[in-house]
Amino acid sequence: MKKYLWLPLLLIAVIGSAALTTKAQSTYGVRANVPFEFIVGDKTLPAGKIVVRELSATNSGAMAISNLDAGQNAVRITHGVTNPRQADRAKLVFRKYGNRYYLAQVWIPGYDGREFSKSKSERSIEREMMLSKNSNPELVTIMADLQ
């Protein structure tokens with residue numbers, strides 16, 4: 001009977017170390033003050049303190065975008081993008097069409113960037129711009145802090 005006493009203790013130690021390892025692989029994110037309203041997916045977020053973070057540590061590509069001032073959130077799937085030069089600073093990149101801004105990319109130092117797919121409304125605006133021979137959206141970069 002005494003030789004089986006160590007088994008529950010060993011089990012507790014293994015589960016405890018797994019929980020610590022999972023906590024160490026926490027998700028990353030950035031925080032920025034965005035001075036304009038912008039669109040991500042089909043949702044418009046107002047200007048303010050914006051936090052963009054991964055939803056899981058498994059690098060699934062799901063990102064949560066939150067406006068801390070207004071309490072509004074959006075969730076979008078992203079895909080990885082690389083740059084020959086690693087980002088030396090966290091930043092959010094927006095595509096600007098006239099007076100509309102669309103969140104395009106998130107860059108975090110030490111990681112590849114994450115790019116948001118274009119929504120139906122953004123693709124529609126892009127087609128209109130191509131027809132009017134003004135096809136290149138302006139890229140607007142907002143520097144951010146790590147969260």
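Leaving aside residues up to four places away in sequence, L45 touches E37, F38, V40, I65, Q72 and N73, a contact being defined by heavy atoms within 4.5 Å. L45 belongs to strand β3 (residues 43-45), where helices (H or I, at least four residues) and strands (E, at least two) are DSSP runs numbered from the N terminus. L45 is buried, at 0% relative accessibility; buried denotes under 20% relative accessible area, exposed over 50%, and partly exposed the range in between (1.4 Å probe, protein chains only). The C-alpha atoms of L45 and A70, which are 25 residues apart along the chain, are separated by 8.4 Å.

The model is predicted, with local features requiring pLDDT of at least 70 and side-chain atom pairs counted only at pLDDT 80 or more, while totals for chains, interfaces and linings use all residues. Residues are numbered from 1 along each chain as its sequence is written, and side-chain values use heavy atoms, with hydrogens and water left out.

The protein comprises two helices and 11 strands, arranged along the sequence in the pattern α-β-β-β-β-β-β-β-β-β-α-β-β. Of its 147 residues, 36% count as buried. Among contacts between residues at least 6 apart in sequence, 54% join residues at least 24 apart.

Helix α2 (residues 120-131) contains 12 residues and reaches 17 Å from its first C-alpha to its last, close to the 16 Å expected at 1.5 Å a residue; the expected span is 1.5 Å times one less than the number of residues. The buried residues of α2 are E122, I125, E126 and M129. Viewed down the axis of α2, these buried residues fall within an arc of 100°, so they line one face of the helix; the arc is that of the directions from the helix axis to the C-beta atoms. An α-helix has 3.6 residues a turn, so residues three or four places apart point the same way. The buried residues of α2 pack against β7 and β8, whereas the face turned away from the buried side carries the exposed residues K120, R127, E128 and L131. The helix is followed by K133, whose phi is positive, near 65°.

Two salt bridges are present in the structure, a salt bridge being a side-chain nitrogen of Lys or Arg within 4 Å of a carboxyl oxygen of Asp or Glu. R95 pairs with E122, the closest N and O atoms lying 2.5 Å apart. This pair links distant parts of the chain, with R95 in strand β7 and E122 in helix α2, 27 residues apart. Both R95 and E122 are buried. A salt bridge also joins the side chains of E126 and K118 (2.4 Å, N to O); K118 is partly exposed, at 29% relative accessibility.

E122 also contributes to the lining of the largest cavity, together with I39, V40, G41, Y102, L103, S117 and S119. On a 1 Å grid over the protein atoms alone, a cavity is a set of points where a 1.4 Å probe fits but cannot get out, and lining residues have an atom within 4 Å of a point. The elements giving two or more residues to this lining are β2 (38-40) and β8. The largest cavity holds about 30 Å³ of space, the volume being that filled by probe spheres set on grid points joined across faces, edges and corners.

N99 lies in the loop between β7 (91-97) and β8 (100-107). N99 is exposed, with a relative accessible area of 67%. Its C-alpha atom is separated by 9.5 Å from that of F36, 63 residues apart along the chain.

Conventions: On a 1 Å grid over the protein atoms alone, a cavity is a set of points where a 1.4 Å probe fits but cannot get out, and a pocket is an open set with protein on both sides within 12 Å along at least five of seven lines; lining residues have an atom within 4 Å of a point.
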